[in-house]
Amino acid sequence: MEAYTGFASVYDTFMDNIPYEEWCGYLTELLCDCGVRDGLVLDLGCGTGSLTELLAKKGYDMIGVDYSEEMLELAMEKKAASGQDILYLCQDMREFELYGTVAAVVSICDCMNYITEPEDLVTVFGLVNNYLDPGGVFIFDLNTEYKYEEVMGDCTIAEDREDSSFIWDNQYDRDERINIYDLSIFVREEEDLYRKYHETHYQRAYSLEEIRQAIRQSGMEFVTAYDAFTKSEPKPDSERIYVIAREHGKKRG
């Protein structure tokens, strides 16, 4: 099933605990460390555009790509309200196309975990390498296997808000290293009437060595990896890591 269809309408409601401002600050610091202080930046898997908007406010010329039309509709509403000049494209990240190259590509909030086939991950990385300026950088995050096994595991999460609620049934297949979560979403349409949506999401756990190999296979250069929101190496109990890769193969003009 397609993800982020029914959930799109309440995504921002249930994700209001994410400190996007802090995430943007950390990401901007990493971009500056890599020499990207301005220019075109692609937000790959941009969702409803919360981070895209913040990066635009930092002075980057933003492009957002996402496969969910419903999520992009909300991103366009934010764009209309803020007046930011952001280009949004509805594309599958395994086949995305741009009009030219960009200084950097960012992909945050475990978008790469949604690429469940290793060969598809190499394809995505190869496209990123193709659309980066010479020496451009790719920064993305990942949920770790530790998080799937020890933190999320086989559990059920439920949350109720004034006009919506959800039930999240999580399962992690340790043999296949696939995390599956079934979402049941209830959205109030009238005073006593709720519409139910159901979605199933799949994410894959990748080891850092697998990511390194995929980056090399795609033609990019691996730069470094950090325990999320630090400048420290990933730890055995890191729940999220950030990876930085650099374009390779193009000649600078």
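## Second largest pocket

The second largest pocket is lined by Thr 144, Glu 145, Tyr 146, Tyr 206, Ser 207, Leu 208, Pro 234, Lys 235, Pro 236, Ser 238 and Ile 241. The model is predicted, with local features needing pLDDT of at least 70 and side-chain atom pairs pLDDT 80 or more, while totals for chains, interfaces and linings use all residues. Residues are numbered from 1 along each chain as its sequence is written, and side-chain values use heavy atoms, without hydrogens and water.

A pocket is an open set of points on a 1 Å grid over the protein atoms alone, where a 1.4 Å probe fits, with protein on both sides within 12 Å along at least five of seven lines; lining residues have an atom within 4 Å of a point. The volume of the second largest pocket is about 160 Å³. Its lining comprises six nonpolar, three polar and two charged residues.

## Helices H5 and H7

Helix H5 (residues 118-131) packs on helix H7 (residues 208-218) at about 50°, with the axes 8 Å apart. The crossing of H5 past H7 is right-handed.

Leu 121, Val 122, Phe 125, Gly 126 and Asn 129 of H5 meet Ile 211, Ala 214, Ile 215, Gln 217 and Ser 218 of H7 (contact: heavy atoms within 4.5 Å). This contact of H5 with H7 has six nonpolar, four polar and no charged residues.

## Helices H2 and H3

The axes of H2 (residues 20-33) and H3 (residues 50-57) cross at roughly 55° and come within 10 Å. H2 and H3 are thus oblique to each other, and H2 passes H3 in a right-handed crossing.

Notes:
Grid points are joined across faces, edges and corners, and a volume is the space filled by probe spheres set on the points. Ala, Val, Leu, Ile, Met, Phe, Trp, Tyr, Cys and Pro count as nonpolar, Asp, Glu, Lys and Arg as charged, and the others, Gly among them, as polar. Axes are lines fitted to C-alpha atoms, for helices over the stretch in contact, and angles run from 0 to 180 degrees between N-to-C directions. Helices (H or I, at least four residues) and strands (E, at least two) are DSSP runs, numbered from the N terminus. A crossing is left-handed if the near helix is turned anticlockwise from the far one by less than a right angle, and right-handed if clockwise. Angles under 35 degrees count as roughly parallel, over 145 as roughly antiparallel, 65 to 115 as roughly perpendicular and the rest as oblique.
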